[in-house]
Amino acid sequence: MFALKISTRLFIALLFTAAAVYVPRLAGQENPYIVAYDHNLEEPGSLEVEYFSTFGTQRGGPGFHGFWSEFEYGATAWWTTEFYLDGQSTFGESTIFTGFRSENRIRPLKNEHFVNPVLYVEFENVNEADKILKEVEGHDVESDYAVPNAVARRERDRELEFKLILSKNYKGWNFTENTLAVKNLSNDPWEFGYALGASRPLTLKGATHRCNFCAQHFIAGVEMYGGLGDRYSFGLHNTSHYLAPGLAWNLPSGWTFRVEPTFGLNDQSHQFLLRCGASYEFSGFGEAVERLFKGHRE
Amino acid sequence: MKVYGLFLVCGVLFLVVGLEPQAQGRRGDKPGESVYSELEKAPAKYLEMRNPLAEDKDAAIAGGILFEEHCESCHGKEAVGGKKAPSLRAPEVRKARPGAIFWILSNGIVRKKMPVWSKLPEPERWQLVSYIRALNEEKTESRK
């Protein structure tokens with residue numbers, strides 16, 4: 001535990017050092033989605049460091065705060081890779097590290113089309129106490145999250161998750177649909193889920209002056225997601241579903257802030273979740289690492 | 001153990017692709033092919049497009065701010081080019097039709113590290129086109 005604390009402190013120190021050293025800025029244009037993905041990948045060579053929180057109500061147990069950090073790197077213009085560290089705090093119980101995830105998103109087509117597919121593959125190694133609700137799949141229901149941390153953390157989930165992301169940007173709007181299939185690497189059946197999203201900036205034209213609060217920097221949207229059962233019981237029976245209006249504020253300095261109140265749509269869902277996040281985009285991160293390994297080239 | 005093997009493979013792949021030389025403007029081109037040749041690949045539908053903001057004097061100003069926010073880190077200050085992306089003050093860009101520049105912005109050149117900017121609304125992409133055109137007009141005027 002002490003070792004983890006040291007490494008966490010070291011990591012935070014390194015992160016702040018990196019932020020303190022000059023890194024060219026790149027303002028993102030991030031949609032407000034927290035669960036759904038669109039086809040807009042990270043710019044090549046850019047590293048986006050993100051932190052998200054999910055505060056949740058829990059019937060039959062104490063409320064919780066699930067949190068995670070994401071490191072999203074644009075390896076190329078058609079491939080984005082991400083690494084996550086998850087944790088949670090259950091009020092009145094404990095705060096624990098729950099595991100990590102690694103994901104890759106690949107854009108197979110080089111041009112924009114009527115609908116733009118992106119292939120998504122994720123490996124996750126988390127324990128059963130994980131409460132970030134980054135995706136909802138299979139028969140995930142609210143009562144699964146009422147198990148005390150001391151018990152839930154003993155069981156580990158190693159899963160492969162596949163998504164087909166279909167997304168389109170049209171007249172300032174983004175529409176996206178994600179279909180997901182998850183396979184626990186133990187002997188559990190395939191589980192399925194979905195996420196849908198729509199978003200639009202508050203205005204479509206850029207302002208003629210530099211500003212942080214111009215309408216163009218705010219993107220409003222809504223997402224809906226839920227489980228679709230598993231291989232043996234596909235459908236909506238005993239599944240949870242959520243509707244989440246959200247707002248993203250993309251600052252020209254490279255910061256993005258998101259907030260998303262989330263409402264459960266049936267009795268199997270958490271009644272209310274409040275999600276929020278902050279991210280910063282380091283442009284030229286790839287070049288900096290390249291210089292580190294290969295030295296300067298004039 | 002298999003899991004760690006998987007991570008090792010992913011890590012090596014990440015380093016190989018992630019640390020490959022950044023686009024120098026001509027990386028990935030066929031021999032003799034300039035990066036600017038992508039402008040010629042714009043479909044006729046785009047080539048015929050007119051900039052709906054061509055008469056809007058503010059469009060280039062707003063485009064300049066958008067350029068600073070989204071493009072400058074690769075294309076350099078005032079679009080003179082950088083290590084990662086080519087100059088937008090080249091004769092090929094000056095001669096390009098507005099629709100061709102708009103097409104590149106909307107579709108990117110993903111195999112050559114130019115991201116897709118369709119996430120910017122169309123009016124903002126046209127504002128960027130106005131700015132790029134204005135930059136090149138400035139250059140032409142200063143030569144006269």
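# Chat about a two-chain model

Modeller: Starting with chain B, there are seven helices and zero strands; helices (H or I, at least four residues) and strands (E, at least two) are DSSP runs, numbered from the N terminus. This is a predicted model, where local features need pLDDT of at least 70, side-chain atom pairs count only at pLDDT 80 or more, and totals for chains, interfaces and linings use all residues. Residues are numbered from 1 along each chain as its sequence is written, while chains are lettered from A and ligands numbered from 1 in the order in which they are written.

Biologist: OK, and which helices and strands does chain A have?

Modeller: Chain A has three helices and twelve strands.

Biologist: What do the strands of chain A build?

Modeller: A closed barrel, with the twelve strands in the order E1-E2-E3-E4-E5-E6-E7-E8-E9-E10-E11-E12 and antiparallel pairing. From one strand to the next the twist averages 20 degrees, with axes taken as lines fitted to C-alpha atoms (for helices over the stretch in contact) and angles running from 0 to 180 degrees between N-to-C directions. Two strands count as paired if DSSP finds at least two bridges between them.

Biologist: Where does E1(A) pair with E12(A), and over how many bridges?

Modeller: Ten bridges join E1(A) to strand E12(A), residues 272–282, and the two run antiparallel. Leu47(A) has Phe282(A) as its bridge partner in E12(A).

Biologist: And how many bridges link E1(A) and E2(A)?

Modeller: Ten, again in the antiparallel sense, with E1(A) covering residues 47–56. There, Phe52(A) is bridged to Trp68(A) of E2(A).

Biologist: What about E4(A) with E5(A)?

Modeller: Eight bridges, antiparallel, between residues 95–106 and residues 116–127. One of the partners there is Val121(A) in E5(A), for Asn104(A).

Biologist: Switching topic: how confident is the model in chain A?

Modeller: Mean pLDDT is 91, and 89% of the residues of chain A reach 70 or more; pLDDT is the predictor's confidence in each residue, from 0 to 100. Residues 19–23 of chain A stay under 50, and the model has four contacts for them beyond four places in sequence. Two residues are in contact if their C-beta atoms, placed from the backbone, lie within 7 Å.

Biologist: Now the interface. How many residues of chain B contact chain A?

Modeller: 35 residues of chain B are in contact with 42 residues of chain A. On the chain B side, H1 (2–18), H3 (57–70), H6 (98–107) and H7 (122–143) each supply at least two residues. H3(B) gives the largest share, seven residues. By class, that side has 17 nonpolar, nine polar and nine charged residues; Ala, Val, Leu, Ile, Met, Phe, Trp, Tyr, Cys and Pro count as nonpolar, Asp, Glu, Lys and Arg as charged, and the others, Gly among them, as polar.

Biologist: Why is H6(B) largely enclosed by the rest of the structure?

Modeller: Because eight of the ten residues of H6(B) are buried. Among them are Phe102(B), Trp103(B) and Leu105(B). Just after H6(B), Gly108(B) takes a positive phi of about 65 degrees.

Biologist: Which residues have the most contacts inside the largest nonpolar core?

Modeller: Ala100(B), Ile101(B), Ile104(B), Leu128(B) and Ile132(B), in a core of 44 residues. E2 (64–76) of chain A and H3, H6 and H7 of chain B each give two or more residues to this core. A nonpolar core is a set of buried Ala, Val, Leu, Ile, Met, Phe, Trp, Tyr and Cys residues joined through C-beta atoms within 7 Å.

Biologist: What does Ile132(B) touch?

Modeller: Leaving out residues up to four places away in sequence, Ile132(B) touches Ala79(B), Leu88(B), Val93(B) and Ile101(B). There's a second, separate core of 19 residues, including Ala36(A), Tyr37(A), Phe52(A) and Val118(A).

Key:
Buried ≥ 20, exposed ≤ 12 C-beta atoms within 10 Å, placed from the backbone.
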